Amino acid sequence: MDDRATGNLILLAQLNYQRAGWQTLALAWALGRHRIIRHLGRVGRVSFWRGQPYLLSFRETL
């Protein structure tokens, strides 16, 4: 995945996270497919739940 596609995924996942209710986020965290993404010196954890990505964490690397 190139940098632009990774950045777009992170932005979409953050937007979905902001719009989702706590039940959806809990299900995404517990039952979703998780993917670790490295982008611009940061590490993010994206969960895919029912075809939608949700950004669970996004931190700087050490």
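A: Happy to. Let's begin in the sheet: glycine 44 has phenylalanine 58 in E3 as its bridge partner. Please keep in mind that this is a predicted model.

Q: Which residue has glycine 44 as its bridge partner in E2?
A: That is isoleucine 37.

Q: OK, let's zoom out. How many helices and strands are there in the protein chain?
A: The protein chain has 2 helices and 3 strands. Going along the sequence, the pattern is α-α-β-β-β.

Q: And in what sense do E1 and E2 pair, parallel or antiparallel?
A: Antiparallel: strand E1, residues 33-39, pairs with E2 over 7 bridges. The hairpin of E1 and E2 has 2 residues between the strands, and leucine 40 takes a positive phi near 55° there.

Q: What about E2 and E3?
A: E2 and strand E3, which covers residues 52-60, also pair in the antiparallel sense, over 8 bridges. In that hairpin there are 2 residues between the strands, and arginine 50 has a positive phi near 55°.

Q: Which residue in E3 stands opposite valine 43?
A: Arginine 59.

Q: Nice. Switching to the inside, which residues make up the largest nonpolar core?
A: There are 7 of them: Leu9, Ile10, Ala13, Ile37, Val46, Phe48 and Leu55. H1 and strand E2, residues 42-49, each supply at least two residues of this core. H1 gives the most, with 3 residues.

Q: What does alanine 13 touch?
A: Not counting residues up to four places away in sequence, alanine 13 touches Val46, Pro53, Tyr54 and Leu55. Val46 and Leu55 are also listed among the core residues.

Q: Let's look at phenylalanine 48. Is it buried or exposed?
A: Phenylalanine 48 counts as buried, because its relative accessibility is 18% and the cut-off for buried is under 20%. Phenylalanine 48 is found in strand E2.

Q: Which residues is phenylalanine 48 in contact with?
A: Leaving aside neighbours within four places in sequence, phenylalanine 48 is in contact with Leu9, Gly32, Arg33, Arg35 and Pro53. Leu9 is one of the core residues as well.

Q: And what separates the C-alpha atoms of phenylalanine 48 and arginine 4?
A: They are separated by 19 Å, and the two residues are 44 residues apart along the chain.

Q: Now the threonines. Where does threonine 6 lie?
A: Threonine 6 lies in helix H1, residues 3-19. Threonine 6 is buried, since its relative accessible area is 6%, against a cut-off of under 20%.

Q: What does the side chain of threonine 6 reach?
A: It reaches the backbone oxygen of aspartate 2, at 2.9 Å. Apart from neighbours within four places in sequence, threonine 6 is in contact with Met1, Ile37, Arg38 and His39.

Q: How about threonine 24, where is that?
A: Threonine 24 is in helix H2, residues 22-31. Threonine 24 counts as partly exposed, because its relative accessibility is 26%, and that class runs between 20% and 50%.

Q: What does threonine 24 touch?
A: Trp49 and Tyr54, not counting residues up to four places away in sequence.

Q: Last topic, the whole chain. What's the radius of gyration?
A: It is 11 Å, which agrees with a compact globule, because a globule of 62 residues would have a radius of gyration near 11 Å. The C-alpha trace spans about 30 × 25 × 20 Å along its principal axes.

Q: What share of the residues is buried?
A: Buried residues make up 31% of the 62 residues. The accessible surface comes to about 4600 Å², and 53% of that belongs to carbon and sulfur atoms.

Notes
Residues are numbered from 1 along each chain as its sequence is written. This is a predicted model: local features need pLDDT of at least 70, side-chain atom pairs count only at pLDDT 80 or more; totals for chains, interfaces and linings use all residues. Side-chain values use heavy atoms; hydrogens and water are left out. Helices (H or I, at least four residues) and strands (E, at least two) are DSSP runs, numbered from the N terminus. Buried means under 20% relative accessible area, exposed over 50%, partly exposed in between (1.4 Å probe, protein chains only). A polar contact is a pair of N or O atoms within 3.5 Å; within protein, one must be able to donate a hydrogen and the other to accept it, and residues adjacent in sequence count only if both atoms are side-chain atoms. Contact means heavy atoms within 4.5 Å. The radius of gyration is taken over C-alpha atoms; the globule rule is 2.2 Å times the number of residues to the power 0.38. Accessible areas come from the Shrake-Rupley method with a 1.4 Å probe; for residues, only the protein chains shown count as cover. A nonpolar core is a set of buried Ala, Val, Leu, Ile, Met, Phe, Trp, Tyr and Cys residues joined through side-chain atoms within 4.5 Å. Two strands pair if DSSP finds at least two bridges between them.
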